Amino acid sequence: MLSLGVVIGSFLLHEIYDLDVWWHIPIGKTIVANLHVPSVDDFSRAGQGRPYHDSHWLFQIALALVYSWGGWVGVEAFTVLVWALILGVCFWSIRRHLPLVPASILVFLAAMTCAERFLPRPEIVTCLMVVLFYHLLAREGEVPHVLRTAAILGCLQVIWTNCH
């Protein structure tokens, strides 16, 4: 199990080469500084002054705060933490149905399939929400927990909608 974590972790740590991160951090900083989501594009020359709809604002705030606290190391650590959570919930869900070794192999294959997406992009929130939704819905069945699960899913949906 430890070796699986080390192998997957080695794939998670790599150069941040995605150009969108250079867009997300300044917009997140602007949102934090002004306490509102911009409605006019002041971030690109081609769109200068035009209406701007930002559907990633919550992710941009999170990324800007992480960057202000830890710089690029913080951004990479944030990405690794989110993917560790994604793969951990994935593993936990698979373990309900399979023994340790097959579950580990499936999580390893899932991680290798996703390796190209190990970037600080809003879509990591989508990956996280998909596994959280599955995990919560697959465990449901006990009537007393239906309302609590529905409330949790509603809160997660609000976060998801404003991140990606």
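**The salt-bridge network**

Modeller: Let's start with Glu116 and Arg117, whose side chains pair up in a salt bridge at 3.8 Å, N to O. By salt bridge I mean a side-chain nitrogen of Lys or Arg within 4 Å of a carboxyl oxygen of Asp or Glu. Before going on, a word on the ground rules: this is a predicted model, so local features need pLDDT of at least 70 and side-chain atom pairs count only at pLDDT 80 or more, while totals for chains, interfaces and linings use all residues. Residues are numbered from 1 along each chain as its sequence is written, and side-chain values use heavy atoms, with hydrogens and water left out.

Back to the pair. Glu116 is exposed, at 56% relative accessible area, whereas Arg117 is partly exposed at 30%. (Buried is under 20% relative accessible area, exposed is over 50%, and partly exposed lies in between, using a 1.4 Å probe and protein chains only.) Arg117 also has a salt bridge to Glu123, with the closest N and O atoms 2.4 Å apart. Glu123 is buried, with a relative accessible area of 16%. From there, Glu123 pairs with Arg121 in a salt bridge at 3.2 Å, N to O, and both of these residues are buried. Shared partners tie Asp20, Glu116, Arg117, Arg121 and Glu123 into one network. The count of salt bridges comes to four.

Now for the surroundings. The chain has six helices and zero strands; these are DSSP runs numbered from the N terminus, with helices (H or I) of at least four residues and strands (E) of at least two. Of its 164 residues, 38% count as buried. The largest nonpolar core has 32 residues, and Phe59, Leu63, Phe78 and Met129 touch the most other members. Such a core is a set of buried Ala, Val, Leu, Ile, Met, Phe, Trp, Tyr and Cys residues joined through side-chain atoms within 4.5 Å. Helices H2 (21–34), H3 (57–95), H4 (100–114), H5 (123–139) and H6 (146–161) each supply at least two residues of this core, and H3 gives the most, with 13 residues.

Met129 is worth a look too: leaving aside neighbours within four places in sequence, Met129 is in contact (heavy atoms within 4.5 Å) with Leu156, Ile159 and Trp160.
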